[in-house]
Every structure is written in structure tokens, then in C-alpha cells.
Amino acid sequence: MRVLGIESSCDETAAAVVTEDGEVLTDVVASQIAMHGPYGGIVPELASRAHMQAIIPVIREAVAGLEGGLDAIDAIAVTEGPGLVGSLLVGVQVAKALAWSLGKPLVGVNHLDGHLAAVYLRRSGRDEPVEVPELPFVGLLVSGGHTALYRVDSFADIELLAQTRDDAAGEAFDKGAKLLGLPYPGGPHLAVLAEKGQPGRYRFPRPMLKSPDLNFSFSGLKTALAVRVRDLEADGQLADAGTADRTRADLAASYQQAIIDTLVGKSLRALAATGHRRLVVAGGVGANRSLREHFRAELLRLGGTVYYPRTEFCTDNGAMIAFTGCQRLSRAPAAYTSIRVEARPRWPLEELTEP
Ligand code: KG4
Ligand code: ZN
């Protein structure tokens with residue numbers, strides 16, 4: 001089976017064609033980062049307009065790379081939510097029109113479900129087969145909008161174990177980067193700066209690590225960085241040409257380490273609580289190299305295994321949506337005969353049901 005996946009929930013317009021065993025045949029992503037950059041965050045109205053402009057060319061490119069073009073597609077999958085409503089509507093309406101005109105099944109996909117399933121993807125003809133996790137596993141989803149731990153006994157049965165009480169981990173990266181004067185979205189920039197710094201130089205809190213539950217909180221950490229930056233600025237240390245670069249890199253490394261330690265600590269606790277030995281780390285923050293190394297070392301120590309999507313499938317893409325749609329369709333082929341798919345801006349993963 002070949003499924004065309006369409007993603008437009010946030011600031012990436014994406015389309016891809018994927019087979020049922022996770023082979024990515026084509027994959028196209030149009031990013032809006034440059035457009036939102038000057039505003040320091042996503043402007044929803046601009047995002048939906050940019051999706052409108054990009055969506056047909058992106059789908060066309062994804063299908064052009066495919067032998068047989070649109071005729072070779074067995075079904076269409078689209079992100080229904082969660083996300084920005086105006087952005088979601090663009091993908092949903094185009095997917096509906098396409099499914100209706102081609103007479104092909106249409107599957108609505110939960111974006112978070114897609115992030116977790118991205119661990120099964122590999123690019124056709126380019127990637128070695130990856131080692132993929134068997135079920136059950138614990139899923140840590142760390143993106144710009146979500147930070148949560150799930151017990152995944154099957155993709156039809158996902159239980160929320162814990163989530164953030166305020167900012168998501170990606171938001172903590174982005175807000176921290178902003179405080180350090182880095183461009184939007186700051187996560188990857190902060191990660192690059194952190195590589196040059198010493199993580200032990202500045203002490204930052206490890207939020208909620210002492211609390212016995214599994215929930216996260218990152219807003220206090222961001223405040224701690226803001227206070228530290230203010231003090232160092234008052235002291236002239238961020239202006240001094242001789243020390244400023246070093247200081248900023250050490251701040252980035254120390255701050256990043258606090259986020260990583262918190263994510264690792266809570267994830268290990270979730271593994272202990274569930275008795276599971278496999279962990280999947282998914283979502284944009286899962287692309288962070290240092291985070292990957294820390295998780296790998298900790299899981300090795302415990303005799304467990306951590307699995308990551310390939311880096312290019314950590315951030316938003318159409319392939320994860322195509323693959324998730326494909327799996328849902330295989331489980332219930334008779335259920336997707338109508339084009340009844342709606343934009344669902346708020347749609348917690350644990351509320352996902354099977355048809
Ligand atoms: O999953 P994603 O593409 O979009 C959402 O669904 O939110 O995640 C985007 C988030 C942003 O906050 C971005 O700064 C962060 O992931 N991110 C990173 C890295 N790459 C992306 N954060 C830390 N290190 C990275 N290398
Ligand atoms: Zn995402």
C-alpha cells in the first residue's frame with residue numbers, strides 16, 4: 001500500500017508518500033521559518049496563508065517523484081489535529097478534495113500519534129533498515145507544543161502517563177534561545193551554541209525532578225535563565241568581547257543540560273513504573289544530539305533500549321502522517337469510506353479512538 005500524507009498543523013507544509021512498512025518513497029517539506037522569524041514566533045494568520053500558497057506545489061512535488069503519480073496512491077492521510085485551526089483547515093480541505101476527486105480513502109491522523117510512529121520510517125534506497133521498537137514501549141514526546149510521556153501498549157491503545165504543566169521542552173529551548181539572543185526557532189541554535197560550552201558552569205534547577213510524579217514543568221527554568229542573563233548583563237560579562245562568547249556558550253550548555261536531565265530522569269521513572277524496557281523519544285527536541293547521547297548512555301546502563309526517529313523525521317513532516325494513516329487503514333480498511341475528516345485544534349493523544 002502507498003499512502004500520501006499531508007501535514008499542515010503548524011509552520012511546515014509537508015507531503016510524502018510512504019509504504020505500509022515505513023519506506024519513505026518521496027518526502028517534501030516547505031518550512032515557514034524564514035517568514036515567522038522576524039516576529040520571534042508563529043503568526044497564525046500568516047501561517048495559514050503560507051500553507052495555502054505552498055500546499056498544492058508541495059503535494060505536486062511529492063507525487064511527481066513517484067512512478068505512476070497520483071494513480072499509484074492507494075489512500076490519503078491528513079493531520080486533523082492538534083494544531084492551529086487555520087493551518088489545519090488548509091490541509092484538511094485539500095485532502096478532502098483530493099480524496100473525493102480520486103475516489104480514494106481518506107484517513108484523519110493525530111499529529112502526536114504521527115510523531116511517535118516516525119520511529120518506523122526510513123528513506124527508500126538511501127537508508128539502511130533501522131532497528132525499530134517492538135511494542136510495548138514508553139513514548140516521550142518532546143516537541144514545540146507538547147511534552148508528555150505515554151504508555152504505548154499498541155497504537156490502538158495509548159495511555160497518557162504525564163505531561164508538562166506549563167511550557168513544552170521545545171518551548172523551553174526556544175525561549176532560552178531568545179534570552180541568549182539567538183534567532184527563532186531557537187532550539188537548534190541553542191543546541192549548536194551548547195556544544196561549545198561547559199554544562200557544569202552554571203547551576204540551573206532540574207524542575208520537578210524531586211517530585212514523585214512523572215509530570216514536567218519548564219517555566220521556572222526559563223525564569224532562572226532570565227535572572228542569570230540579567231545578572232551577567234548587569235555585571236558586563238555579556239558585553240565583554242573577551243568573555244561574552246564563552247559565557248553565552250556555557251549558559252546554553254548548562255541550560256540545555258538542565259532540560260536533558262529532567263527529561264531523562266522522568267523517562268527513567270516512567271520505565272520503572274510501567275516495567276517497560278523500551279523508550280521511544282520523538283518530536284522536534286528528539287533531534288538534539290546531546291539529548292540522544294544522554295538517553296543512550298542511561299538506557300544502556302539500565303539494560304534497556306532507546307529508539308529515535310531518523311533526525312529528519314523528528315521535526316514535522318508528511319511521512320509520519322502517511323505512515324500513521326497507512327497503519328490505521330490496514331487495521332480497519334472498511335472504516336474509511338467517507339471523507340468525514342475535521343480540523344481538531346485540541347486533540348489529546350489519549351483521546352484517540354479506533355474506528
Ligand atoms: O515536532 P516539531 O517540529 O513541531 C511541533 O510539533 O511542535 O518541534 C519543533 C520544536 C521547536 O521548539 C524546536 O526549537 C525544537 O523542536 N528543536 C530542537 C532541536 N531541533 C528542533 N530543540 C533542541 N535541539 C534541537 N536540535
Ligand atoms: Zn510536531
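Which spacing do the donors of the zinc ion (ligand 2) follow along the chain?

Guide: The model is a predicted one, in which local features need pLDDT of at least 70, side-chain atom pairs count only at pLDDT 80 or more, and totals for chains, interfaces and linings use all residues. Residues are numbered from 1 along each chain as its sequence is written, chains are lettered from A and ligands numbered from 1 in the order in which they are written, and side-chain values use heavy atoms, with hydrogens and water left out.

Along the chain, the donors of the zinc ion (ligand 2) follow the spacing H-x3-H-x200-D. Distant parts of the chain are linked by the pair His115, in helix 4 (residues 111-117), and Asp316, in the loop between strand 11 (305-307) and helix 10 (319-331), which are 201 residues apart. Helices (H or I, at least four residues) and strands (E, at least two) are DSSP runs, numbered from the N terminus. The protein donors are His111 (NE2), His115 (NE2) and Asp316 (OD), at 2.0 to 2.1 Å from the zinc ion. Donors are N, O and S atoms within 2.8 Å of the metal (3.2 Å for Na, K and Ca); water is not among the atoms, so sites may look incomplete. The four donor atoms subtend angles of 95 to 131 degrees, so the arrangement is tetrahedral (four donors, all angles between 85 and 135 degrees).

Elsewhere, helix 7 (residues 219-234) and helix 8 (residues 244-274) have axes that come within 11 Å and cross at roughly 165 degrees. Axes are lines fitted to C-alpha atoms, for helices over the stretch in contact, and angles run from 0 to 180 degrees between N-to-C directions. The two helices are therefore roughly antiparallel (an angle over 145 degrees). Their contact (heavy atoms within 4.5 Å) involves residues including Leu221, Leu225 and Leu232 of helix 7 and Leu251, Tyr255 and Ile259 of helix 8.

Helix 7 also packs with helix 5 (residues 169-179), at an angle of about 10 degrees and with the axes 10 Å apart. Helix 5 and helix 7 are therefore roughly parallel (an angle under 35 degrees). Lys175, Gly176 and Leu179 of helix 5 make this contact with Lys222, Leu225, Ala226 and Val229 of helix 7.

Two peptide bonds in loops complete the account. The bond from Gly81 to Pro82 is cis, with omega near -5 degrees, and Pro82 lies in the loop between strand 4 (75-81) and helix 3 (85-102). The bond from Leu135 to Pro136 is cis, with omega near 0 degrees.

Technical notes: Angles under 35 degrees count as roughly parallel, over 145 as roughly antiparallel, 65 to 115 as roughly perpendicular and the rest as oblique. Four donors count as tetrahedral if all angles lie between 85 and 135 degrees; four count as square planar and six as octahedral if opposite donors are over 155 degrees apart and all others between 65 and 115; anything else is irregular.
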